[in-house]
Amino acid sequence: MFKEILSDAAQKFGIAFTDRQLERFEIFYRLIVDWNTKINLTAITDEKDFVVKHVIDSLSVWDENKFADVKSLCDVGTGAGFPAIPLKIFKPNLNVTLIDSLTKRVEFLKKVTAALELDNVTCLHGRAEDLARDKNLREHFDLVTARAVARLNVLAEYCLPFAKIGGTFAAMKGKVFREEIDEAKTAIKILGGGNVTFTEKILPDLPDVRAVIYIDKKISTPKNFPRRAGTPSKNPLI
């Protein structure tokens, strides 16, 4: 039943999956439901809701024209693996790095990676403010994603340091996204961001409007950013 629900939703959204992709998505779903009894991964476990609000929503980040040359993806505050795991299943050639601050979630993500037989996936435990100072991660990625982590002015400080010059930071947001863009203009400029665009998204059978905000990385993020762990959320750039 899960595969049928996913195939139908994908068709409505204008995408299609192979049988192997459908199988991987179902395994991912079963793992989340199972692990959800041990750690809090998601409140959404109904099959249809999971398909639309997690899988299709995650894939709404992808822009085939904008990301034609994207090879590396970093997902900051990935939680249960959204949007990165669905994106990896959908685009298997991506090199994916998952970052989360909770050890148990990282343990879960490693189990997922093994169960789905996903190659070129790295699961890292740590805070974005700390990991962004690692020379092997800083300004290393073509695409940096984040979903429902913080307001955009805070999120920009977490994520833009990971994006290489010429790369993109994609933030998934709800209906107040325009307000967040206005609020984050100064932060984006300070952190090396350039052009800001957005695409509104309507998910299958859901009335609410969502948006993906795309921020181009124009210049290097100054060395003093991100600030010390906890500072961006307590004292956002404005």
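Tutor: Start with a definition: a salt bridge is a side-chain nitrogen of Lys or Arg within 4 Å of a carboxyl oxygen of Asp or Glu. Keep in mind that this is a predicted model.

Student: How do you know that K201 has no salt bridge?
Tutor: Look at D63. It is the nearest side chain of opposite charge to K201, and it is 6.3 Å away. The cut-off is 4 Å, so no salt bridge is counted for K201.

Student: What makes the approach of S60 to K201 a polar contact?
Tutor: The backbone oxygen of S60 lies 3.1 Å from a polar atom of the K201 side chain.

Student: Why is G126 called buried?
Tutor: Its relative accessibility is 15%. Buried means under 20%, so G126 qualifies.

Student: Where does G126 lie, and which residues is it in contact with outside its sequence neighbourhood?
Tutor: G126 lies in the loop between β3 (121-125) and α6. Leaving aside neighbours within four places, G126 is in contact with I99, D100, S101 and L131. I99 is 27 residues apart from G126 along the chain, yet their C-alpha atoms are separated by 6.8 Å.

Student: Which residues are closest to the centre of the largest pocket?
Tutor: The largest pocket has a volume of about 680 Å³. Of its 33 lining residues, G77, T78, R147, A148 and V149 are closest to the centre.

Definitions and conventions:
Residues numbered from 1 in each chain as written. Predicted model: local features only at pLDDT ≥ 70, side-chain atom pairs only at ≥ 80, totals over all residues. Heavy atoms only, no water. Buried < 20%, exposed > 50% of the residue type's maximum accessible area, 1.4 Å probe, protein only. Lys, Arg positive; Asp, Glu negative; His and termini not counted. Polar contact = N/O pair within 3.5 Å; in protein donor to acceptor, adjacent residues only side chain to side chain. 1 Å grid on protein atoms, 1.4 Å probe; cavity = no way out; pocket = protein on both sides within 12 Å on 5 of 7 lines; lining within 4 Å. Points joined across faces, edges and corners; volume = space filled by probe spheres on them. Helix = DSSP H or I, 4+ residues; strand = E, 2+ residues; numbered from the N terminus. Contact = heavy atoms within 4.5 Å.
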